[in-house]
Amino acid sequence: MAKNVVVVGGSLAGLIHGLQHKRRGNNVIILEQEYEERHSHHAGIGFGANAQEFLRKYDLTGMTAAFASHSRRWAYYTRPNVFVSQGTIQLTSWGLLNNILRANFDGTASPACPNPPPKAEGDGRTVYLTGKRVTSLQYTGATVIVNFNDIKTNRHEWYEADLVIGADGIHSTIRRLLRAPHIKQYAGYVAWRGTIPERMVSQETIEHVSDQVSLQFSKRTYLLCYIIPTDTGNFEPGERLLNWIWYYNVAEGSSEMKEIFTDVTGQYHHNTVPRGLVRQEVWERCRAELLPRISPPFQELLQKISNPFVTKVHDVQCESANFINGKVVLVGDAFTTLRPHSGAATEQAAFHSNTLEAVYRGEKTPKEWDQEVRRYAERIILINKIIAELGTGTMLSLLIAVWFYAVFALKQRYRRT
């Protein structure tokens with residue numbers, strides 16, 4: 001018998017879980033708070049085996065979703081080629097993956113996917129609603145009533161759900177309504193981010209970043225860059241985008257923090273200054289301090305970027321992902337917001353989806369699933385801290401991060417034996 005599923009949050013995590021339930025024959029409603037359709041974040045994302053498994057099972061578009069990168073090139077200060085390490089990750093744009101998932105979920109056409117796949121046999125009904133702010137959850141014993149308001153008309157509406165999935169990100173409303181115990185901490189640095197068309201940089205810089213993730217380390221800071229397809233799915237050389245991230249130390253509450261997060265209109269942003277609103281003089285000052293201390297490919301990259309966005313990096317870790325006897329679950333960033341160093345946010349959302357299959361089939365209890373996803377999150381958090389300290393910290397802070405990961409790994413090995 002088909003179940004009624006409400007997914008709160010219409011970004012990648014919400015679409016992943018909504019599509020999974022559509023293919024399972026359930027009726028799915030996604031409630032997205034933003035009134036306009038979600039658009040490109042002007043940023044790239046990485047993912048691994050879990051997201052690949054998800055797309056193999058549920059994507060019917062037949063589209064290529066990502067590049068495969070099998071190595072990382074390391075630059076140190078002005079030396080561009082210190083060494084190359086191995087490691088595979090799938091690289092794509094947020095917009096392209098979003099378009100693929102929307103085409104599968106509710107048949108939304110886009111320049112990337114102008115002919116969405118038809119509804120498959122056994123699919124459930126789907127609806128994607130924008131401008132809906134969830135206000136409360138009511139547990140009836142067998143179901144959960146999701147109350148929400150239209151953000152423009154303030155009209156109250158509600159749905160009755162057999163399952164509610166909170167996929168509404170770092171500032172999760174569902175997590176707040178559940179009063180879920182969690183820890184949220186500023187990581188001590190921000191991420192300058194953006195994309196630049198491949199045709200705007202020299203052939204030497206393109207060759208430096210092609211077919212790999214390129215890393216640039218300097219004094220207590222680092223950058224990375226890799227090539228991604230466009231949001232419309234163009235993988236052709238010359239048309240692709242260079243996605244870049246720069247991790248920049250800045251103290252919470254400092255005058256520099258205030259300067260960076262005050263936009264061109266004078267408004268202060270608490271978490272992210274969107275693309276187009278960063279003050280040019282602030283970007284130029286930050287960039288000028290770094291340019292003499294990095295290699296030529298990254299110098300060129302930063303010099304040609306005029307329109308970045310900047311966001312604070314946080315850790316958010318929830319004590320549990322499972323609530324109300326499994327009737328409400330938190331997934332993706334709503335459960336654990338991972339630092340972006342390892343490109344694991346989309347991968348985590350897919351991991352949650354893939355591992356929930358066993359719960360839906362009755363092969364695993366919600367409590368067992370909860371324990372599994374908490375262990376997964378803790379491992380990625382510790383790995384990200386090692387990467388962060390390697391790039392932005394000190395030798396002591398790096399050794400401490402490695403120590404905590406080693407203790408965690410030993411505990412997991414002991415638990416399995």
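Is Asp211 buried or exposed? Select Asp211 to begin: its relative accessible area is 67%, so it is exposed, where exposed means over 50% relative accessible area, buried under 20% and partly exposed in between, with a 1.4 Å probe and protein chains only.

**Before going further**

The model is a predicted one, in which local features need pLDDT of at least 70 and side-chain atom pairs count only at pLDDT 80 or more, whereas totals for chains, interfaces and linings use all residues. Residues are numbered from 1 along each chain as its sequence is written, and side-chain values use heavy atoms, with hydrogens and water left out.

**Two positive phi values**

Stay with Asp211, which has a positive phi of about 65° although it is not a glycine, and which is placed in the loop between α5 (203–209) and β12 (213–218); helices (H or I, at least four residues) and strands (E, at least two) are DSSP runs, numbered from the N terminus. Next select Ile324, a residue other than glycine whose phi is also positive, near 50°, and which is found in the loop between β17 (322–323) and β18 (328–330). Ile324 has a relative accessible area of 26% and is therefore partly exposed.

**The whole chain**

Zoom out to show the chain, which has 11 helices and 19 strands. Its radius of gyration is 22 Å, close to the 22 Å that the globule rule gives for 417 residues, so the chain is as compact as a globular protein of that length; the radius is taken over C-alpha atoms, and the rule is 2.2 Å times the number of residues to the power 0.38. Along the principal axes, the C-alpha atoms fill a box of roughly 65 × 50 × 45 Å. Buried residues make up 55% of the 417 residues, and the chain exposes about 18,900 Å², of which carbon and sulfur atoms supply 52%, as computed by the Shrake-Rupley method with a 1.4 Å probe. Among contacts (heavy atoms within 4.5 Å) between residues at least 6 apart in sequence, 68% join residues at least 24 apart.

**The nonpolar cores**

In soluble globular proteins, nonpolar side chains tend to be buried together. A nonpolar core is here a set of buried Ala, Val, Leu, Ile, Met, Phe, Trp, Tyr and Cys residues joined through side-chain atoms within 4.5 Å. Select Leu31, Phe54, Leu101 and Leu330, which touch the most other members among the 65 residues of the largest core. Around Leu31, leaving aside neighbours within four places in sequence, the contacts include Val6, Val7, Val8, Leu129, Val146 and Phe148. Apart from this core lies another, of 31 residues, with Tyr186, Ile196, Tyr248 and Val310 among them.

**Along strand β11**

Move to Trp192, which is found in strand β11 and is buried, with a relative accessible area of 0%. Not counting residues up to four places away in sequence, Trp192 touches Trp244, Trp246, Tyr248, Trp283, Cys286 and Val310, among others. Thr195 is found in strand β11 as well; it is buried, with a relative accessible area of 15%, and its contacts beyond four places in sequence include His42, Ala43, Ile228 and Trp244.

**The aromatic rings**

The structure holds 15 aromatic pairs, meaning rings of Phe, Tyr and Trp (its six-membered ring) whose centres lie within 6.5 Å, with planes under 30 degrees apart counted as stacked, over 60 as edge-to-face and the rest as tilted. Select Trp74 and Phe83, whose ring centres are 5.0 Å apart with planes at 15°, so the pair is stacked; Phe83, at 42% relative accessibility, counts as partly exposed. Then compare Tyr189 and Tyr247, whose centres are 5.9 Å apart with planes at 90°, so this pair is edge-to-face. Tyr189 lies in strand β11 (residues 182–197) and Tyr247 in strand β14 (residues 241–249), so the pair ties together parts that are 58 residues apart in sequence. Tyr189 is buried at 2% relative accessible area, and Tyr247 is buried at 0%. To view these rings together, select Trp74, Phe83, Tyr189, Phe217, Tyr222 and Tyr247, which form one aromatic cluster.

**Charges over rings**

Finish with Arg102, whose charged end sits over the ring of Tyr128, 3.7 Å from its centre, and with Lys312, whose charged end sits over the ring of Phe261, 5.3 Å from its centre. The criterion is that NZ of Lys or CZ of Arg is within 6 Å of the ring centre and within 35 degrees of the ring normal.
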